[in-house]
Every structure is written in structure tokens, then in C-alpha cells.
Amino acid sequence: MNEQPDIRPGTAASDNDRAAQRGIQSIEVGGQLLRALVHHGRPMALKDLAREADMTAAKAHPYMVSFGRLGLIEQDRASGHYLLGPLALQLGLISLQQADPVHIATPLIAEVAQSLGHTVALAVWGARGATIVRTAESPSPVHVNMRHGTVFSLTNTASGRIFAAYLAPDTVRQLLDAERLREKQRKAGEAVPEAGMPPQPPLPSWSEFERQLQEVRVHGISRSEGEVIEGVSAMAAPVFDHTGAIVLSVTAIGPAAIFDTAWDGDIARALKACAGTVSGRLGATPGGRSASAAPGP
């Protein structure tokens, strides 16, 4: 009986198989011209494209002719500059439609959890607020568990505030009013506070909350220090799609004694980098939303 080679990922056979795969060099060379056009994001002259792709204009021209016939690029008749064509635009739109933020982010948060030593979670905006949909446990013997389906408070958690900072103000005000009503009902029916839970501060007014959200926008990240559970801290960074809308939060949580909540600390930088990578793959502009582009009060 003939044995088949083991081609599972990470095996020697699979590595050799990938190395033996043949590509078409001319396509890869020409692709550098498309890459340059995408990178600059504006129409470019042939000589500038050629320079970016490290080739002569004479060598670049036949590639541009072929790309034009395919609809990947087109040439402005007035200036002669090249820009992306209709097929490139269709490919981009289809790619965005197929992009799943959670699918893209899931393998990345596992790496962040390993490097930081803290549990990292993804939250989406659901009917009741920011809701955990994925978690990556930390390798540290001291870590905080987060369960799928947990809904974060709008006002008292890093994840809740990161969504609130970038959602439409009218939506956030309605959610704040709804949370205030739930809090009132909870207190009315609660004779004794839950053991181990810190005293919950009164919910902020809209003007107070907006000042907190502006701080989040300025730093591009949200933090919470012992607000929900005493001795537990968290930070959350936003993920944006190609329209500039927030679609995910990347949240790290851990024991306050070993959790760095500095705005420019290691945890903040790691979460921002992870969120930025996911945003980029979703077609967001570099840097995502800025404080000046964020919703106003």
C-alpha cells in the first residue's frame, strides 16, 4: 500500500510542498505597480509608479497596458496618470463584504494574550450593549476569566465606554437613560448588595459621561480600574471598518496589581496595535478614527 505524505500544517512535508509551489514571476513583478498605486491612494504618473516598483518606465508600461485591459487600472485622459479601475474597485468591495471582523481578530488576540500574560476578549455591539464573543486566556497562573455572552456596562467598563465613544451621540444618550432605569430598578429590588462587589458609583450625567468619552477619544483607548470588581482592571481598543464605524472592541483584563493601565503603557500599545491591524484588514484608513472625527456631544 502506498503511503501518502503527511501534509498537515507545520510538518516537513507541508513546508517542502509550499516551497515547491511555483508562481508566475511576471505577475508578482507587475503586482508591485498595483501595490504602489494602492499605497499612495491617488493617481500617479508612470515614472512615479515605476520608481516605486523599482523598475524603468519602459518595463512598467506593458504591465499597465495589460492591467488596463483587465480593468484593474485606468488612465486619466487629461493628465495621463493611472488610477485603480472598475475591476479593482469590485474586488475591493467584495473583499470588504466577505471580511468577518471576529474571524480576522480571533487568532490575533491569542498572540496578544500570550505576550501580555492577561486574558484578552473580543466584544461586539449587541442588543443589550457590548457583548463578549471570543476570549483568549492568558498563560499566567493569575488571570481573570471572561465568559462568552457577558454584556459589559455602558458606563462602568472599558469595553462599554469604547463603544460609547464612537457610536452616535443620540444612541449613546438613549442607552445611558436605559442603563439609569435598570440601575434604579435593580436597587429597588436589592435588599443587600452582592458580596465581593464594590459599591457602585452613581451613573454619570450626560455631560459627565461625555467628558469621559472625550478622554477615550483623545487617547484612542479606554480603561477601567476596579469599577466592576475590586482589584480587577481592564483596557479596550476600538476596531473600525471601512466606513469608520466601530465594529469590535479588543479588551484585556487582569488583576490590578500586575495590570498596567497607563495610557501609553505596554498593554495599551499592544491592544492598539492589534485593533489597528484588524481595522486595516477591514479597509479602515490608517489610524482609524481620530478625536476630531469622533461624534460630538
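A residue is called buried when its relative accessible area is under 20%, exposed when it is over 50%, and partly exposed in between, with a 1.4 Å probe and protein chains only. By this criterion, buried residues make up 39% of the 297 residues in the chain. The model is a predicted one, in which local features need a pLDDT of at least 70 and side-chain atom pairs count only at pLDDT 80 or more, whereas totals for chains, interfaces and linings use all residues. Residues are numbered from 1 along each chain as its sequence is written, and side-chain values use heavy atoms, with hydrogens and water left out.

The pLDDT, which is the predictor's confidence in each residue on a scale from 0 to 100, averages 80 over the chain, and 79% of the residues score at least 70. Over residues 1-16 the pLDDT is below 50, and this stretch has nine contacts in the model beyond near neighbours in sequence, a contact being defined by heavy atoms within 4.5 Å. The pLDDT also stays under 50 over residues 290-294, for which the model has seven contacts beyond four places in sequence. Where pLDDT is low, the predicted coordinates should not be read in detail.

The secondary structure comes to ten helices and seven strands, where helices (H or I, at least four residues) and strands (E, at least two) are DSSP runs numbered from the N terminus. Among contacts in the chain between residues at least 6 apart in sequence, 58% join residues at least 24 apart.

Five of the strands form an open sheet with antiparallel pairing, in the order β4-β3-β7-β6-β5; two strands are taken to pair if DSSP finds at least two bridges between them. Strands β4 (129-136) and β5 (222-225) stand at the edges with a single partner strand each, so one side of each is left without a neighbour in the sheet. From one strand to the next, the twist averages 25°. Within this sheet, β6 (residues 232-240) and β7 (residues 246-255) pair in the antiparallel sense over nine bridges; Phe-240 stands opposite Ile-246 in β7, and the bridge partner of Val-232 in β7 is Pro-255. The hairpin of β6 and β7 has five residues between the strands, and Gly-244 in this hairpin takes a positive phi near 90°. Strand β3 (residues 119-126) is joined to β7 by five bridges, again in the antiparallel sense, with Thr-119 opposite Ile-253 in β7. Nine of the ten residues of β7 are buried, so this strand is largely enclosed by the rest of the structure.

Helix α7 (residues 158-166) contains Ser-159, which is buried, with a relative accessible area of 1%. Not counting residues up to four places away in sequence, Ser-159 touches Ala-130, Phe-152, Ala-236, Ser-249 and Thr-251. Two packed helices are described by the angle between their axes and the distance between the axes. For α7 and helix α9 (residues 206-219), the axes come within 9 Å and cross at roughly 90°, which makes α7 roughly perpendicular to α9. The axes are lines fitted to C-alpha atoms, for helices over the stretch in contact, and angles run from 0 to 180 degrees between N-to-C directions; angles under 35 degrees count as roughly parallel, over 145 as roughly antiparallel, 65 to 115 as roughly perpendicular and the rest as oblique. In this contact, Arg-161, Ile-162, Ala-164, Ala-165 and Tyr-166 of α7 meet Phe-209, Gln-212, Leu-213, Val-216 and Arg-217 of α9. The residues of the contact of α7 with α9 divide into seven nonpolar, one polar and two charged, where Ala, Val, Leu, Ile, Met, Phe, Trp, Tyr, Cys and Pro count as nonpolar, Asp, Glu, Lys and Arg as charged, and the others, Gly among them, as polar.

Three further residues were examined individually. Glu-74, in strand β1 (residues 73-75), is partly exposed, with a relative accessible area of 38%. Leaving aside neighbours within four places in sequence, Glu-74 is in contact with His-81, Tyr-82, Leu-83, Leu-84, Gly-85 and Pro-86; the C-alpha atoms of Glu-74 and Leu-84, ten residues apart along the chain, are separated by 6.1 Å. Leu-89, found in helix α5 (residues 86-98), counts as exposed at 51% relative accessibility. Asp-54, in the loop between α3 (46-52) and α4 (57-70), is exposed, with a relative accessible area of 73%. Most residues other than glycine have a negative phi, whereas the phi of Asp-54 is near 60°, a positive value.
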